Amino acid sequence: MNNFSQSSSVGQSGTSLGHAQQTTGILPDAVAKVRARDINVFYGTKQALFDVSIDVPDASVTAFIGPSGCGKSTFLRCINRMNDTIESCKVEGSIQVDGRDINDRAVDPVVLRASVGMVFQKPNPFPKSIFENVAYGPRIHGIAHDKPSLERIVEQSLRKAGIWEEVKDRLHQPGTSLSGGQQQRLVIARAISVNPEIILMDEPCSALDPIATAKIEELIDELRQNFCIIIVTHSMAQAARVSQRTAFFHMGKLVEAGCTDEIFTNPRDTRTQDYITGRFG
């Protein structure tokens, strides 16, 4: 547990939910890791999100789906305050992680982003060695106190990211020398090296080939045992494969959220049905 969190969430993603809870994405108190209420986001005078309220459970994968420009990536960036870096952006509403408001003035965004890691659409390894890519975070956050502990963290992170066997003999080669899929797994190793509780993934496979995508999806399935994972994806098949819960966004609004199987087989809103069946998108 890192310095940002106050208490640990319990419960898993398989909780039985009522009709209203399924439609709005609201979970019982003990289950939610992330709790967002009435989120509105503005870029200057343009409103990008409208009154989004949703809960995200721990130890599971939640997929955000919807057409381009619907607000799913904007909402994702709210969860680790990446929108703070956009001067014209204003965020209203409340987002809590383990019961603590992430927008509280006492919360350091740098510390928050160590707790809430992010993996972007295009792999972005640092222009450093494979070892230094993973060692950077633990070093600056004071997690590793000596060289042996730093080396242990690097190895453990690369193992968790499923890439240790591929890079263990070339740790001092540039991270940019790896293939696209390997770079993305290196970036995931970098994210988990600082012991985050939440991993945000913004279309992490869109720039990868099918083989690399399959490896990332297998990794996501393994990581969900220990992390709260939220993934933005345009692939309906990917959302169905990797997630336990799915939220559908449309025109800046959260239309519905619930168990993935129900969203894909028995959506409650015709807009969800139309999007999933390819009538628009």
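The elements covering the buried residues of helix α4 include α5, α6 (164–167) and α7, where covering rests on contact, meaning heavy atoms within 4.5 Å. Heads-up: this is a predicted model, with pLDDT of at least 70 needed for local features and 80 or more for side-chain atom pairs, while totals for chains, interfaces and linings use all residues. Numbering runs from 1 along each chain as its sequence is written, and side-chain values use heavy atoms, leaving out hydrogens and water. Helices (H or I, at least four residues) and strands (E, at least two) are DSSP runs numbered from the N terminus.

**Helix α4**
- α4 spans residues 130–140, and its buried residues are Ile 130, Phe 131, Asn 133, Val 134, Ala 135, Gly 137 and Pro 138; buried means under 20% relative accessible area, exposed over 50% and partly exposed in between, with a 1.4 Å probe and protein chains only.
- Just past the end of α4, Gly 142 adopts a positive phi of about 70°.

**Helix α8**
- α8 covers residues 210–223, so to speak a 14-residue run, and its first and last C-alpha are 20 Å apart, close to the 20 Å expected at 1.5 Å a residue (the expected span is 1.5 Å times one less than the number of residues).
- Buried in α8 are Ala 212, Thr 213, Ile 216, Glu 217, Leu 219, Ile 220 and Leu 223.
- Looking down the α8 axis, these buried residues stay within an arc of 160°, so they line one face of the helix; the arc is taken from the directions from the helix axis to the C-beta atoms.
- On the face turned away from that buried side, you'll find the exposed residues Pro 210, Ile 211 and Glu 222.
- The cover over the buried residues of α8 includes strands β3 (60–65), β7 (198–202) and β8 (228–232), plus helices α5 (147–160), α7 (180–192) and α9 (236–242).
- Asp 209 caps the N-terminal end, with a side-chain oxygen 3.0 Å from the backbone nitrogen of Ile 211.

- Asn 226 sits in the loop between α8 and β8 and is exposed, with a relative accessible area of 61%.
- His 250 belongs to strand β9 (residues 245–250) and counts as buried at 15% relative accessibility.
- Neighbours within four places in sequence aside, His 250 is in contact with Pro 67, Cys 70, Val 255, Arg 271 and Phe 280.

**Aromatic pairs**
- The whole structure has 5 aromatic pairs, where rings of Phe, Tyr and Trp (its six-membered ring) pair if their centres lie within 6.5 Å, and planes under 30 degrees apart count as stacked, over 60 as edge-to-face and the rest as tilted.
- Phe 64 and Phe 75 have ring centres 5.7 Å apart and planes at 40°, so this pair is tilted.
- Phe 64 is in β3 and Phe 75 in helix α2 (residues 72–78), so the pair ties together parts 11 residues apart in sequence.
- Phe 75 and Phe 249 have ring centres 6.0 Å apart and planes at 35°, so that pair is tilted.
- This second pair links distant parts of the chain, α2 and β9, 174 residues apart.
- Phe 75 and Phe 249 are both buried, Phe 64 is buried too, and the three form one aromatic cluster.

**Charges over rings**
- Lys 90 places its charged end over the ring of Phe 42, 5.0 Å from the centre; the test is NZ of Lys or CZ of Arg within 6 Å of the ring centre and within 35 degrees of the ring normal.
- The charged end of Lys 253 sits over the ring of Phe 50, 5.9 Å from its centre.

Terms used
Polar contact = N/O pair within 3.5 Å; in protein donor to acceptor, adjacent residues only side chain to side chain.
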